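Hello,

Here is the structure I promised to pass on. Have a look at it first, and my notes follow below.

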Amino acid sequence: RRPIIFVTRELPSLAQRRLESLTTVEVRQHNSNTAITRSQLLSGTKDADGLICLLSEKIDQELLNSSPKLKVISTVSVGYDHVDIPALKSHGKVKLGYTPDVLTDATADTTVLLALMASRKAKIGLDSVSNGKWGAFSLARGLGTQFTDKCLGIVGFGRIGEATAYRLKPFGFNRILYSASKPHDDRARPLGAEFAPLERILKESDLVCVCCPLNDKTRGMFDLDKFRMMKRSAILVNTARGAIINQEDLVTALDQELLAHAALDVTVPEPIAPDHPLVRHDRCTILPHIGSATEETRNAMGNLAIDNALAGVFGEPLKAEVEL
Ligand code: GLV
Ligand code: GLV
């Protein structure tokens, strides 16, 4: 029999067309733009040799136990915090594919978008236009800040952190600091970026961009203690994962004006409730997790996820495999 690949969502159009034209495998798909339920996920994966899934699906011991034929999980994301890695590791027979590199540029672009929206108070400006509150041209009101001669802090210096630094450097920052689990001298040198502990980044940076993965070390890393270390004029941008920030503490920090603005592409939960204090806050800008959401990138992610799934079901090395 042909291997079965279960796909939990409609893919971007070009990748979807390719998926539908595959002949060496049987594709079964939850072909809908609504999220798959847990029971649909478990029953769809039960007989599958491969699974193509999203970051919103929990991949855990229960799923592994109930899908004895599974050889590969191919997530259409670079983050894999939704996957229970220890469970996968001890199971030993399922590979994990993901989609690094292809989404680096789009995600770094989104980080820049949020940084500029925050620094120029775009949320208030957009609201004023649509609410009929755009008054006479003002020399003195609605003023933002600019990045010239400021300090940029990058938290997490992987592909996305590095690409973000390259994009932001031409805005005129006079210094770039970065934190990571270890220094990356070779990649930092051309940027003139300096390795620094998180505390120093928070104390000195005018713009702090969160570009690190969510894991046990980074969960809730931004809490009230950390917000107290930041400059009151600082902007915080998060395009990584919502859970890296303690959101209750962020509300407190914004209310107490411990920082100037938070601009988030990721929240807990997603979607965040429209009446959440962060959504209502003038000094918090939120986008609906669109970091990688371009035609080019999403199709590339879909294609890479298909490549990974095909390789996995046929026992070949994955194009992009997470080292377990
Ligand atoms: C998106 O957040 C991803 O991890 O690809
Ligand atoms: C993710 O792709 C990263 O390395 O930043």
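Two strands count as paired if DSSP finds at least two bridges between them. Helices (H or I, at least four residues) and strands (E, at least two) are DSSP runs, numbered from the N terminus.

Before the findings, a word on the model and the labels. This is a predicted model, in which local features need pLDDT of at least 70 and side-chain atom pairs count only at pLDDT 80 or more, while totals for chains, interfaces and linings use all residues. Residues are numbered from 1 along each chain as its sequence is written, and chains are lettered from A and ligands numbered from 1 in the order in which they are written.

Let's begin with the sheet. Five strands make an open, parallel sheet in the order β2-β1-β3-β4-β5. Its edge strands, β2 (26-29) and β5 (95-97), each pair on one side only. On average, neighbouring strands here are turned by 20° against each other, direction ignored (axes are lines fitted to C-alpha atoms, for helices over the stretch in contact, and angles run from 0 to 180 degrees between N-to-C directions). Strand β4 (residues 72-75) runs parallel to β5, joined by three bridges, and Ile73 stands opposite Leu96 in β5.

Next comes strand β11 (residues 261-264). Strand β10 (residues 235-238) is joined to β11 by four bridges, running parallel; Asn238 faces Leu264 in that pairing. With strand β12 (residues 284-286), β11 pairs in the parallel sense over three bridges, and there Ala262 stands opposite Cys284. In β11, His261 and Ala263 point one way and Ala262 and Leu264 the other, and all are buried (20 or more other C-beta atoms within 10 Å of a residue's own; exposed is 12 or fewer, partly exposed in between, with C-beta atoms placed from the backbone).

Helix α13 (residues 295-313) is mostly covered, with 15 of its 19 residues buried. Just after α13, Gly315 takes a positive phi of about 70°.

Finally, the ligands, where a residue is near if its C-beta atom, placed from the backbone, lies within 6 Å. Around ligand 1 are Leu55, Ser77, Val78, Gly79, Leu103, Gly291 and Ser292. The surroundings of ligand 2 include Val78, Pro100, Arg159 and Cys211. Helix α7 (residues 159-168) gives the most to the ligand 2 shell, with three residues.

Which part would you like to look at with me?

Best wishes
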